Amino acid sequence: MHTFSYYSHTRIVFVFSEKAMIKRTILSFVFLLGLSSAYPSEIPPEIVNAFKSGNAGLLAQHFNNTVEFNMLDNENIYSKVQAEIILREFFKNNVPVDFSLLHQGGKESSKYAIGILTTQNNKKFRVTFLIKNIDNKSFIHQLRIEYENV
């Protein structure tokens, strides 16, 4: 009887370990699945492409009704239309040749990105923006354009 008890105890430990391993595997899967849904998508590609091409109109489609806009140390809150006009003038004087994202992060409801805009006149600008998702649409709430310190 003593042998049976020992075998039974060993078997229980084995079953417990197997259940714990299955539980850890399931929890890991749920955690990874949660991460992918917490960050369901990156910065919308239309926004990145609009910066690359200098398309103020396309960017304005992603502006919130008001935008906190800081361009070269001139900060103000502008309407969507005003922000588009200012950005259009900026792109006219600084025609983009490239835009690359350096970093992006956030969560489902709000995201931020930092990128470098390179222009035809060999200037580099650091572009930082905050996007908030409202009804599954991305809106730029804050936009900062400043000289990149090389």
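**Close-up 1. Asp135 sits in the loop between β5 and β6.** The strand names come from DSSP runs, numbered from the N terminus, where a helix is a run of H or I with at least four residues and a strand is a run of E with at least two. Everything here is a predicted model, in which local features need pLDDT of at least 70, side-chain atom pairs count only at pLDDT 80 or more, and totals for chains, interfaces and linings use all residues. Residues are numbered from 1 along each chain as its sequence is written, and side-chain values use heavy atoms, with hydrogens and water left out. Asp135 isn't a glycine, yet its phi is positive, near 55 degrees. Asp135 is also exposed, with a relative accessible area of 72%; exposed means over 50%, buried means under 20%, and partly exposed is in between, using a 1.4 Å probe and protein chains only.

**Close-up 2. Asn136 is in the loop between β5 and β6.** Here's another residue that is not a glycine but has a positive phi, this time about 65 degrees. Asn136 comes out at 80% relative accessibility, so it counts as exposed.

**Close-up 3. Arg126 and Glu148 make a salt bridge.** That term means a side-chain nitrogen of Lys or Arg within 4 Å of a carboxyl oxygen of Asp or Glu. By this rule, the count comes to 3 salt bridges. For Arg126 and Glu148, the closest N and O atoms are 3.1 Å apart. This pair ties together distant parts of the chain, 22 residues apart: Arg126 belongs to strand β5 (residues 124-134), while Glu148 is in the segment after β6 (137-147). Arg126 has a relative accessible area of 26%, so it's partly exposed.

**Close-up 4. Glu84 pairs up with Arg88 in a salt bridge.** Look for the closest N and O atoms of this pair, which are 2.3 Å apart. Both residues are in helix α4 (residues 80-93), and because they are 4 residues apart there, about one helical turn separates Glu84 from Arg88. How accessible is Arg88? Its relative accessibility is 46%, so Arg88 counts as partly exposed.

**Close-up 5. Arg144 and Glu146 form a salt bridge.** Here the closest N and O atoms are 3.9 Å apart. Are these two partners buried or partly exposed? Arg144 is partly exposed at 32% relative accessibility, and Glu146 is partly exposed too, with a relative accessible area of 26%.
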